[in-house]
Amino acid sequence: MIPARDGQFDTDLLRQAFGCFPSGVTAFCGMIDGAPEGMAASSFTSVSLAPALVSVCVAKTSSTWPRLARLNRLGLSVLASEHGTVARSLASKNGDRFCGVDWTSADSGSVFVHGATLWLDCSVYNVVEAGDHDIVLLAIEALAMYPDVAPMVFHRSRFRDLTPMAA
Ligand SMILES: Cc1cc2nc3c(=O)[nH]c(=O)nc-3n(C[C@H](O)[C@H](O)[C@H](O)COP(=O)(O)O)c2cc1C
């Protein structure tokens with residue numbers, strides 16, 4: 001085992017360790033001044049059935065989250081296996097993140113990515129500070145699901161497909 005030193009690890013080592021856990025990738029998006037804004041987030045987790053809650057962890061360094069935080073509604077799209085370019089674009093530092101992204105806005109103002117396997121129309125329920133991230137708890141106000149769409153898998157910094165296990 002590699003021990004923590006004063007409760008800390010080398011950041012690259014910890015990133016590598018966290019990357020052993022496979023996750024999906026979501027697009028966390030809203031409408032600001034008539035234009036879509038958002039970010040890719042792989043930290044999505046389901047939290048509670050009643051009330052219906054999910055969470056996303058956002059880095060305190062994020063410039064997008066403080067802008068999204070002011071909105072009444074936010075869209076979460078669980079990206080599909082074909083969305084590699086979309087995920088990269090929604091994480092880019094420069095340029096129009098939505099260029100080449102097929103998106104739509106709901107009446108609520110939430111922004112969703114076409115072709116996703118799940119859309120959650122959310123409002124912010126609570127924000128919990130956790131180290132260098134905020135845990136954003138989101139209440140699900142409405143949803144649309146497309147279970148036959150294959151999800152994207154993010155593992156060890158790479159986008160992958162789900163492959164059924166051999167029986
Ligand atoms: C696959 C993937 C998953 C990501 N997941 C998260 C995440 O869960 N939380 C987060 O704060 N940033 C995450 N990011 C980084 C953001 O998408 C974005 O690059 C970052 O917030 C910097 O941009 P900003 O300053 O506009 O927020 C992820 C990026 C990629 C490519």
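Reader: Which residues are the closest to the ligand?

Author: In this predicted model, 17 residues surround the ligand. The elements that contribute two or more residues to this shell are β2 (35-41) and β4. The closest residues are Ala41, Ser43, Ser62, Thr64 and Ala91.

Reader: How many residues of the shell around the ligand are nonpolar, polar and charged?

Author: The shell around the ligand holds no charged residues. Its members divide into five polar residues and, on the nonpolar side, twelve.

Reader: Which peptide bond is cis, and where does Pro51 lie?

Author: The bond from Ala50 to Pro51 has an omega near 5 degrees, and it is cis. Pro51 belongs to the loop that links β3 (45-48) to β4 (53-59).

Reader: Is Asp6 buried or exposed?

Author: Asp6 sits in the segment before α1 (11-18). Its phi is positive, about 55 degrees, although Asp6 is not a glycine. Because Asp6 has 4 other C-beta atoms within 10 Å, Asp6 is exposed.

Reader: Is Arg156 buried or exposed?

Author: Arg156 lies in the loop between β10 (153-155) and β11 (158-160). Arg156 is not a glycine, yet has a positive phi of about 50 degrees. Because 11 C-beta neighbours fall inside 10 Å, Arg156 counts as exposed.

Conventions. Residues are numbered from 1 along each chain as its sequence is written. This is a predicted model: local features need pLDDT of at least 70, side-chain atom pairs count only at pLDDT 80 or more; totals for chains, interfaces and linings use all residues. Helices (H or I, at least four residues) and strands (E, at least two) are DSSP runs, numbered from the N terminus. A residue is buried if 20 or more other C-beta atoms lie within 10 Å of its own, exposed if 12 or fewer, and partly exposed in between; C-beta atoms are placed from the backbone. A residue is near a molecule or strand if its C-beta atom, placed from the backbone, lies within 6 Å of it. Ala, Val, Leu, Ile, Met, Phe, Trp, Tyr, Cys and Pro count as nonpolar, Asp, Glu, Lys and Arg as charged, and the others, Gly among them, as polar.
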